[in-house]
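Colleague: I would like to learn how to read a structure, feature by feature. Could you show me one and take me through it?

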Amino acid sequence: MTRSRAALLALLTMVALSPAPAHAADEGPEQIVNGTFDTGTAPWWGTANVTLTSTGGRLCADVPGGTANPWDVIIGQNDLPLVAGETYAYRFSAQANPAKVAKALVQLPVDPWTQYLSASPQLSVSGDTYAYTFTAPVSLPNAQVVFQLGGSAEPWSFCMDDVSLKGGAEPDVYEPDTGPRVRVNMVGYLPSGPKEATVVTTETGPLEWELKDAGKETVATGRSLPRGVDASSGQNVQTIDFGSYVKPGEGYTLTADGETSRPFDISAGVYDDLSSDALKLYYTQRSGIEILDSLRPGYGRPAGHAGVAPNQGDVAVPCQPGVCDYTLNVKGGWYDAGDHGKYVVNAGVSVYQLLSAYERDKAAFTDRQLNIPESGNGVPDVLDEVRWEQEFLLSMQVPDGERFEGMAHHKIHDRAWTGLPLLPHLDPQPRELHPTSTAATLNLAATAAQAARLFAPYDAAFAARNLKAARKAWAAAKANPARLADPNDGIGGGAYPDTDVSDEFYWAAAELFITTGEKEFRDFVLASPHHEADVWLERGFDWGHTAQLGRLDLATVPNALPGRDKVRASVVAGADKYLAVQQAHPYGIPYDVPDYDWGSNHLIVNNLIVIATAYDLTGEEKYRQAARQGMDYLFGRNALNLSYVTGYGEVAAKNQHSRWYANQLDPALPNPPRGTLAGGPNSSIQDPVAQRLLRGCKPQFCYVDDIESWSTNELTINWNAPLAWIGSFLTDRSGRSDCRVRYTVHGSWPSGFNTQVVIENTGDTTIDGWSLRWSFLGGQRVDRAWNAAVTQSGAVVTARHAAGNSRIKPGRSVTFGFLGINAPGPNPAPEVFHMNGDRCGG
Ligand code: 9MR
């Protein structure tokens with residue numbers, strides 16, 4: 001909140017303040033969450049100048065001296081519901097050393113900070129208990145309780161316990177509306193994909209099911225499979241398999257146990273827009289640039305943090321006091337999530353995954369795909385969008401000649417947390433650079449190495465700048481291998497701490513090796529404990545677990561690592577593990593942990609990405625089918641009967657936590673754009689809304705589509721990135737075709753190379769006319785070709801048959817060749833070829 005000011009200006013509309021006792025109110029329901037501090041200090045917050053600790057079941061803080069006003073130091077809790085006319089009993093015990101007078105307030109959380117209770121308890125060294133009553137003059141869903149502790153010349157210590165606000169209405173017992181008990185993928189099923197649904201029922205024997213078309217005609221029937229009680233939901237469930245029905249159509253429903261599912265489609269196009277929609281979020285997350293309403297109707301807004309008041313950034317951002325004495329221009333980049341912070345480690349994993357989606361299938365990402373300001377510049381839009389963030393990452397690197405030169409600052413954000421809603425350009429908080437960290441530095445090294453090879457065909461200078469920054473970051477990380485982010489540095493922005501950065505080292509070395517082919521990086525990769533470890537955690541990978549990123553790229557991007565077959569096999573082994581988990585799960589989720597993590601939805605997608613990669617590596621259909629099936633969970637086949645992607649499915653999340661897509665708080669603002677993934681169920685429910693509504697929840701139920709539920713319902717750049725990746729995989733409808741390609745570099749010299757390509761027809765019908773497509777790793781170019789017409793766009797090369805070799809009979813082959821122009825860096829043979837749209841081999 002813009003918590004620290006303005007209390008002086010507040011209109012004091014205190015109502016009926018009187019000393020205890022307060023019998024009636026005392027018997028009312030408790031409104032404070034965690035007033036006994038048995039489980040740490042959440043969801044209590046403090047201003048940037050105090051650190052809250054839970055000591056011996058109390059909350060304590062060292063209050064700094066030298067502040068002028070009571071509101072210069074605050075500890076508080078938000079989102080307390082008040083009901084007009086109700087009388088409340090407010091109690092707490094507190095202690096001060098030396099003795100002090102504090103202010104205890106119950107108030108409006110925003111300007112004019114109207115106070116409903118204002119007391120000035122005299123705190124003693126031995127400690128006392130305080131009790132007050134007041135009657136609320138208004139109904140309010142989000143009052144705040146605050147202790148104002150500032151105004152003291154000397155420092156002092158403060159402790160409190162048993163904070164209680166009783167009275168008002170019994171909190172509603174929250175019952176999510178979960179609709180019909182037959183749970184389907186509300187977006188739809190691919191005709192050739194698996195088709196399963198889940199029925200929640202008390203029945204333990206098989207149930208009859210019917211599939212009906214839009215005209216209510218029954219088109220298929222069968223019996224469900226009892227699965228017993230599912231631990232992730234606590235529900236007795238059965239599964240329905242209607243995979244044998246393949247006819248495309250809209251408005252199908254499934255009926256079982258007297259319940260009819262929400263409607264769904266069967267269509268080859270169900271995922272056609274998913275990747276683009278997921279990618280479009282990044283434009284409206286941009287910092288430092290005006291968002292044009294003409295490109296995103298309803299989402300236009302002025303540039304945020306572009307050096308225009310009331311913003312205090314990001315063109316010349318100082319460090320936190322004592323951290324550095326220079327300023328950096330770190331304008332640009334994407335806002336991380338619903339806050340205005342920009343965090344290098346989270347940016348890193350996001351850039352990685354978007355570039356990885358592009359690198360997997362370069363031809364699928366085109367210019368003009370995303371309707372962004374750069375559309376039409378001849379560069380695939382995804383690269384333009386990623387560049388917006390990568391430029392920011394480069395700007396976070398410590399300049400030459402400064403201490404920690406070459407390292408990256410861990411993050412830049414507001415000095416104190418702000419409230420909702422708050423458009424980026426209206427954020428008045430001072431912005432600060434936080435210390436450098438090894439993890440951030442390695443994220444920069446990894447993504448800059450990736451960018452160096454992927455931008456090479458479009459902007460050689462930018463590619464070279466990235467490679468230079470990557471090398472410098474690598475050297476700086478090696479020189480400072482254990483500068484860890486402070487886990488307590490979480491005021492005004494997330495901490496993103498990580499105690500083990502050996503996985504970031506492995507990932508960065510892998511990217512640098514793929515891009516340069518150099519021995520130093522190869523040796524580092526081979527010696528890393530992560531290289532042969534089983535990195536496939538059941539919980540998935542994320543910004544803090546990045547060995548998997550290196551492993552996936554070493555397996556899929558052409559490179560000359562010794563023992564690469566084993567790397568590829570290890571990805572397939574990981575996929576087998578997730579596949580087994582998914583098959584055992586009655587909801588088909590490749591994630592089965594006793595407590596769901598923060599951002600569980602993206603962890604699930606990341607496990608699906610491992611499965612999808614196994615399909616790319618082996619061509620085995622079971623992996624593709626499993627990747628498809630896993631999406632059902634996100635789109636409604638779940639305990640809440642909810643789609644977690646905005647705009648997808650009949651009932652979908654739409655109030656993800658954000659300061660600017662804050663329609664739930666201000667109807668003049670939009671909801672998050674179509675294609676925005678919600679964080680999803682989080683068993684730890686750290687925010688007050690979730691704590692009030694969801695306590696004791698089974699994992700799948702630990703979610704609420706409320707804008708204030710930041711621990712279950714935020715949107716982030718690192719959650720939409722895997723969604724964009726898997727969306728692209730799902731739209732890739734290429735089958736495997738009966739061909740084999742041998743690509744041989746016969747000779748190379750400093751400026752060029754000579755290549756022969758042999759296409760063999762491994763099927764039993766004649767190929768009549770062919771077009772072969774592949775992508776170069778870096779900036780290589782085709783100069784001239786023979787026996788084929790070869791064209792190139794960016795990294796994507798297309799070779800079409802010549803007049804005399806258009807037909808390839810079964811068992812026969814054709815040969816063509818070309819002279820290529822070398823780019824700096826290695827020139828390994830491409831590994832993925834598409835013939836007439838379908839992937840060769842399998
Ligand atoms: O996604 C992050 C999650 O893995 C952590 O457990 C959590 C607590 O540190 O923070 C999450 O990241 C948030 C970040 O701290 C601030 N911006 C919003 C992020 C998503 O909620």
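Modeller: Start with burial: a residue is buried under 20% relative accessible area, exposed over 50% and partly exposed in between, with a 1.4 Å probe and protein chains only. Take Cys 324: its relative accessible area is 21%, so Cys 324 is partly exposed. Cys 319 has 7% relative accessibility, so Cys 319 counts as buried.
Now the ground rules. This is a predicted model, where local features need pLDDT of at least 70, side-chain atom pairs count only at pLDDT 80 or more, and totals for chains, interfaces and linings use all residues. Residues are numbered from 1 along each chain as its sequence is written, and side-chain values use heavy atoms, with hydrogens and water left out.

Colleague: What joins Cys 319 to Cys 324?

Modeller: A disulfide is a covalent bond between the sulfur atoms of two cysteines. Here, the term covers a pair of cysteine sulfur atoms within 2.5 Å. Cys 319 and Cys 324 are joined by a disulfide, with 2.0 Å from S to S. The angle about that S-S bond is 95°, and the link is right-handed.

Colleague: How many disulfides does the structure hold?

Modeller: There are 4. Count the bonded cysteines along the protein chain, and the pattern reads 1-2, 3-4, 5-6, 7-8. One of the disulfides joins Cys 697 to Cys 702, again with S to S 2.0 Å. The torsion about its S-S bond is about 105°, so this disulfide is right-handed. Cys 702 has a relative accessible area of 0%, so Cys 702 is buried.

Colleague: Is the link of Cys 739 and Cys 840 right-handed or left-handed?

Modeller: Left-handed, with -110° about the S-S bond. Cys 739 lies in strand β32 (residues 739–749) and Cys 840 in strand β42 (residues 838–840), so the pair ties together parts that are 101 residues apart in sequence. Cys 739 is buried, at 2% relative accessibility. Cys 840 is buried as well, at 13%.

Colleague: How do I read a pair of aromatic rings?

Modeller: Two values describe such a pair: the distance of the centres and the angle of the planes. Rings of Phe, Tyr and Trp (its six-membered ring) pair if their centres lie within 6.5 Å; planes under 30 degrees apart are stacked, over 60 edge-to-face, and the rest tilted. The whole structure has 46 aromatic pairs. Tyr 189 and Phe 264 are one of them: 5.3 Å centre to centre, 80° between the planes, edge-to-face. Tyr 189 sits in strand β15 (residues 188–189) and Phe 264 in strand β23 (residues 264–266), so the pair ties together parts 75 residues apart in sequence. Tyr 189 and Phe 264 are both buried.
Trp 774 and Phe 776 also pair edge-to-face, at 6.3 Å centre to centre and 80° between the planes. Both are buried. Ring pairs link Trp 774 and Phe 776 into a cluster with others, including Tyr 743, Trp 770 and Phe 833.

Colleague: Which residues surround the ligand?

Modeller: Near means that a heavy atom of the residue lies within 4 Å of the molecule. Among the residues around the ligand are Asp 336, Tyr 343, Trp 598, Glu 714 and Trp 719. The shell divides into 6 nonpolar, 2 polar and 3 charged residues. In this scheme Ala, Val, Leu, Ile, Met, Phe, Trp, Tyr, Cys and Pro count as nonpolar, Asp, Glu, Lys and Arg as charged, and the others, Gly among them, as polar.

Colleague: How do I read the polar contacts there?

Modeller: A polar contact is a pair of N or O atoms within 3.5 Å; within protein, one must be able to donate a hydrogen and the other to accept it, and residues adjacent in sequence count only if both atoms are side-chain atoms. A polar side-chain atom of Asp 336 lies 3.0 Å from a nitrogen atom of the ligand. An N or O atom in the side chain of Glu 714 is 2.8 Å from a ligand oxygen atom. The protein covers 79% of the 450 Å² of accessible area that the ligand has on its own. Such areas come from the Shrake-Rupley method with a 1.4 Å probe; for residues, only the protein chains shown count as cover.

Terms used:
Helices (H or I, at least four residues) and strands (E, at least two) are DSSP runs, numbered from the N terminus.
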